[in-house]
Amino acid sequence: MRITVLSGGVGGARFLRGVRAAAGDSTITAIVNTGDDMWLAGLRITPDLDSIMYTLAGENDEVRGWGRIGESERVSEELRAYGVGWPWFTLGDLDLGTHIARTSFLRDGVPLSEATDRITSRWDLGAHLIPVTDDEVETHVVTDEGTMHFQEWWTKHRASLLARSFVQENVSTATPAPGVLEAIRDADVVLVAPSNPVVSIGTILDIPGIRDAVQSTAAPVVGVSPIIGGSVVRGMADACLTAIGVATTADAVALHYGSRASGGILDAWLVDEADAAAAPAIEAAGIRASVVPLWMRDVPTSAALAAAALAAGLDSNR
Ligand code: GDP
Ligand code: CA
């Protein structure tokens with residue numbers, strides 16, 4: 001079976017680890033958000049790709065939740081002394097190795113998707129990671145204190161400045177990276193990870209051609225709610241949802257994605273047991289609702305969630 005997953009960083013990485021455990025000998029392709037990417041200290045940083053790579057490689061710092069195990073910050077201290085980079089954005093030494101390798105490929109004219117193949121080939125990931133686009137489409141946030149890169153709003157300001165809107169720089173001329181449209185079109189099931197619906201999944205869908213591909217694929221499309229019991233499980237995605245006028249509830253996010261029958265992207269949507277009461281409203285919108293535990297505490301709970309998502313795909317009698 002060919003499984004294609006639309007994914008952001010940390011939530012997507014945890015989900016993908018479960019998909020890998022549940023997938024048997026299926027092939028897994030992850031289409032990964034690049035809206036958080038940026039140039040910093042002369043290096044191309046791709047946070048969501050790296051979160052997934054480190055998590056699937058077993059190299060992720062599980063205590064902190066992101067970055068490499070056994071990380072140090074000696075190089076960062078030197079950069080800080082030179083006034084290079086952002087003092088509030090951690091660049092670990094091992095992580096910097098990844099960024100230097102990536103930037104080296106890019107400087108040689110290698111597209112990001114090919115650079116990602118080269119970098120990920122070092123690890124046994126059990127999944128093919130494709131950046132959604134090779135173009136530099138960075139998410140900027142419009143606030144009353146000015147427009148800033150998503151990372152500045154998210155990491156420096158902890159999403160505390162009211163976001164008026166999110167803007168994807170240069171999105172209109174961007175194209176999906178090689179293999180992205182094919183992975184959606186030729187999949188046996190498309191899974192939408194429990195990732196940030198606005199700045200992870202929304203950014204992926206807004207690259208020209210992708211939303212259409214998800215709408216028209218013959219594969220069932222199954223999404224997993226990143227909202228449990230009216231709150232985000234980890235992080236600050238509620239600030240993003242509020243900015244686009246969507247309530248932080250499992251059913252509001254489902255309706256925001258919409259049913260494929262009515263021009264949206266979903267056939268089925270998984271909600272947590274805490275949100276069982278929302279199922280009728282989701283079904284009324286033409287999206288099959290399944291109620292299963294959505295907390296990804298460890299690999300077994302993530303794998304059970306992934307198995308439920310795959311089962312919901314098989315059940316989708318389109
Ligand atoms: P980011 O790029 O690192 O922000 O990560 P993603 O966009 O992939 O995912 C962030 C979202 O994952 C958060 O908004 C959380 O709501 C969601 N999330 C994190 N952990 C879990 C979990 O255990 N279960 C579910 N259902 N969602 C989760
Ligand atoms: Ca991200």
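Q: Why is Ala159 called buried?
A: Its relative accessibility is 11%. Buried means under 20% relative accessible area, exposed means over 50%, and partly exposed is what lies in between, with a 1.4 Å probe and protein chains only. At 11%, Ala159 falls under the 20% cut-off, so it counts as buried. This is a predicted model, in which local features need pLDDT of at least 70 and side-chain atom pairs count only at pLDDT 80 or more, while totals for chains, interfaces and linings use all residues. Residues are numbered from 1 along each chain as its sequence is written, chains are lettered from A and ligands numbered from 1 in the order in which they are written, and side-chain values use heavy atoms, leaving out hydrogens and water.

Q: What makes the phi of Ala159 worth a remark?
A: Phi of Ala159 is near 60 degrees, a positive value in a residue other than glycine. Most residues other than glycine have a negative phi. Ala159 sits in the loop between helix H6 (150-156) and strand S8 (163-168). Helices (H or I, at least four residues) and strands (E, at least two) are DSSP runs, numbered from the N terminus.

Q: Is Asn170 buried or exposed, and how do you know?
A: The relative accessible area of Asn170 is 52%, over the 50% cut-off, so Asn170 is exposed. Asn170 lies in the loop between S8 and helix H7 (180-185). Its phi, near 65 degrees, is also positive in a residue other than glycine.

Q: How do you know whether Asp36 is buried or exposed?
A: With a relative accessible area of 8%, Asp36 is buried. Asp48, at 6%, counts as buried as well.

Q: What makes Thr98 a contact of Asp50?
A: Contact means heavy atoms within 4.5 Å. Leaving aside its neighbours within four places in sequence, Asp50 is in contact with Asp95, Thr98, His99 and Arg102. Asp50 belongs to helix H2, and at 5% relative accessible area it is buried.

Q: Where is His149, and what does it touch?
A: His149 is in strand S7 (residues 146-149). Apart from neighbours within four places in sequence, its contacts include Asp36, Trp86 and His140. The relative accessible area of His149 is 9%, so this residue is buried.

Q: Why is Leu129 called buried?
A: Its relative accessible area is 2%, which places Leu129 among the buried residues. Leu129 is in strand S5 (residues 128-131). Not counting residues up to four places away in sequence, it touches Ala30, Leu49 and Ile52, among others.

Q: Which residues of helix H11 (residues 250-257) are buried, and what covers them?
A: Ala250, Ala252, Val253, Ala254 and Tyr257 are the buried ones. Their cover includes strand S9 (189-192), helix H10 (237-243) and helix H12 (279-284). Gly258 follows H11, with a positive phi near 80 degrees.

Q: Why is the protein chain called as compact as a globular protein of its length?
A: The chain comes to 13 helices and 14 strands. Its radius of gyration is 19 Å, close to the 20 Å that the globule rule gives for 318 residues, so the label applies. The radius is taken over C-alpha atoms, and the rule is 2.2 Å times the number of residues to the power 0.38. Along the principal axes, the C-alpha atoms fill a box of roughly 60 × 45 × 40 Å.

Q: How many of the 318 residues count as buried?
A: The share is 55%. Among contacts between residues at least 6 apart in sequence, 70% join residues at least 24 apart.
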